[in-house]
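Trainee: Can you walk me through this one? I'd like to start with the overall layout and then look at some residues.

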Amino acid sequence: MGLARNSIRRITWLCVSICAAGAVVGCAPHAPNAVKTENVSENPVSAVAFTWSPDSDCAMCHAIESESMQDSAYPAALHEQEAADCPTCHADDSKLSVAHEGVLPDSEMPQRLKSTAVPEQLCLDCHDDVAVLAQATEDRAALIDSEGTVVNPHELSESEDHEGVSCSDCHKMHSSDPVEEIAIGACLSCHHEGVFECYTCHE
């Protein structure tokens, strides 16, 4: 009789142990079902092409530029205070449309304008004309070369190369770098020897 009781207890204990082990295994974390997720994109939104229009929310992709319009360290913030928004300066709809073709929400944002530009006349529509600007900066030594030659940034000497210089080459609205540093950098991109006077570097 005692032997039978011991056998029943062992069998009962064995059954309880197996059930307990099954419960632990059942609650353990499992790897995701590969079959269910095999053809599901991690971010389906990233595969949807973006269609640009003049009413598009630029901040949706151009967050850095958008933030600069709220930070007084950036010239863009001054324009924003005057109720100027993105389309005020970036007004070339046809080129902007082409530049945004094939863009996806996760596409890499360009660091500078390549296909579009801010026309100088747009700046002059709000600011003084070039002659007035030249007079205002005639005593400033913003542009000075390695020989000590000072150039008025708004009154460059006439040359074929200078004809392509526009306001936005020196005045970067979405940069907090001082305009003087940007301007001298623009000059040195051509005057690479640090000398403004022509025909002094190459025969």
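**Layout and details**

Mentor: Starting at the N terminus, the elements of the protein chain follow the order α-α-α-α-α-α-α-α-β-β-α-α. The model is predicted, so local features need pLDDT of at least 70 and side-chain atom pairs count only at pLDDT 80 or more, while totals for chains, interfaces and linings use all residues. Residues are numbered from 1 along each chain as its sequence is written, and side-chain values use heavy atoms, with hydrogens and water left out.

Trainee: How many helices and strands does the protein chain come to?

Mentor: Ten helices and two strands. Both are DSSP runs numbered from the N terminus: helices are H or I with at least four residues, strands are E with at least two.

Trainee: What share of the residues in the protein chain is buried?

Mentor: Of the 203 residues, 15% are buried. Buried means under 20% relative accessible area, exposed means over 50%, and partly exposed is in between (1.4 Å probe, protein chains only).

Trainee: And which salt bridge turns up?

Mentor: Glutamate 180 pairs with arginine 140, with the closest N and O atoms 2.6 Å apart. The two are 40 residues apart: glutamate 180 sits in helix H10, and arginine 140 in the loop between helix H8 (130-136) and strand S1 (143-144). The rule asks for a side-chain nitrogen of Lys or Arg within 4 Å of a carboxyl oxygen of Asp or Glu, and the count by that rule is one salt bridge.

Trainee: Are those two buried or partly exposed?

Mentor: Glutamate 180 is partly exposed at 30% relative accessibility. Arginine 140 is also partly exposed, at 42%.

Trainee: What lines the second largest pocket?

Mentor: There are 31 lining residues, and His162, Cys190, His191, Phe196 and Cys198 lie nearest the centre. Helix H9 (167-170) and helix H10 (179-188) each supply at least two residues of that lining, and H10 gives the most, with three.

Trainee: Where is lysine 172, and what does lysine 172 touch?

Mentor: Lysine 172 is in the loop between H9 and H10. Leaving aside residues up to four places away in sequence, lysine 172 touches Pro75 and Ile182; contact means heavy atoms within 4.5 Å. Its C-alpha atom is separated by 8.7 Å from that of tyrosine 74, which is 98 residues apart along the chain. Lysine 172 is partly exposed, at 39% relative accessibility.

Trainee: Last one. What about asparagine 152?

Mentor: Asparagine 152 lies in the loop between strand S2 (150-151) and H9, and is buried at 9% relative accessibility. The side chain of asparagine 152 reaches the backbone nitrogen of histidine 154 at 3.0 Å. Not counting residues up to four places away in sequence, asparagine 152 touches Ala134, Thr137 and Glu138.

Technical notes. On a 1 Å grid over the protein atoms alone, a cavity is a set of points where a 1.4 Å probe fits but cannot get out, and a pocket is an open set with protein on both sides within 12 Å along at least five of seven lines; lining residues have an atom within 4 Å of a point. A polar contact is a pair of N or O atoms within 3.5 Å; within protein, one must be able to donate a hydrogen and the other to accept it, and residues adjacent in sequence count only if both atoms are side-chain atoms.
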